[in-house]
Amino acid sequence: MSALLRMEGALADSRSSTLNKVVKALSLAGIEFVTRDDGAIGVILKAQNPPQAPQ
């Protein structure tokens with residue numbers, strides 16, 4: 001956790017390989033990074049068990 005806090009606060013000069021590993025771990029946990037056409041950026045937490053469509 002402290003390593004992530006240092007990365008977020010730009011207190012550590014993290015290698016791109018480290019940043020890529022963090023992004024991959026978050027993606028595997030269901031977090032999606034998004035960028036909209038208007039320049040807005042954010043994250044979405046995907047549902048673990050998406051609802052089934054009625055049959």
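Helices (H or I, at least four residues) and strands (E, at least two) are DSSP runs, numbered from the N terminus. The model shown is predicted, so local features need pLDDT of at least 70 and side-chain atom pairs count only at pLDDT 80 or more, while totals for chains, interfaces and linings use all residues. Residues are numbered from 1 along each chain as its sequence is written, and side-chain values use heavy atoms, with hydrogens and water left out.

View 1. Let us start with helix 2, which covers residues 16-28. Its 13 residues reach 18 Å from the first C-alpha to the last, close to the 18 Å expected at 1.5 Å a residue (the expected span being 1.5 Å times one less than the number of residues). Just after helix 2 comes Gly30, with a positive phi of about 100°.

**View 2. Ala25, a residue of helix 2****.**

**View 3. A nonpolar patch on the surface****.** Here you can find Val23, Leu26, Phe33 and Val43, which together have about 330 Å² of accessible area (by the Shrake-Rupley method with a 1.4 Å probe; for residues, only the protein chains shown count as cover). Patches are made of residues with over 30% relative accessible area and no salt bridge; like charges are joined within 9 Å, and nonpolar side chains (Val, Leu, Ile, Met, Phe, Trp, Tyr) within 5 Å. Val23 belongs to helix 2 and counts as partly exposed because its relative accessibility is 39%.

**View 4. Glu32 and Lys46 in a salt bridge****.** How many salt bridges does the structure hold? There are two, each a side-chain nitrogen of Lys or Arg within 4 Å of a carboxyl oxygen of Asp or Glu. In the one between Glu32 and Lys46, the closest N and O atoms are 3.9 Å apart. This pair links distant parts of the chain, 14 residues apart: Glu32 sits in strand 1 (residues 31-35), and Lys46 in the segment after strand 2 (41-45). Glu32 is partly exposed at 33%, and Lys46 is partly exposed at 45% relative accessibility.

**View 5. Arg36 and Asp38 in a salt bridge****.** The side chains of Arg36 and Asp38 meet at 2.6 Å, N to O. Arg36 counts as exposed, with 53% relative accessibility, and Asp38 is exposed at 55%.

Key. Buried < 20%, exposed > 50% of the residue type's maximum accessible area, 1.4 Å probe, protein only.
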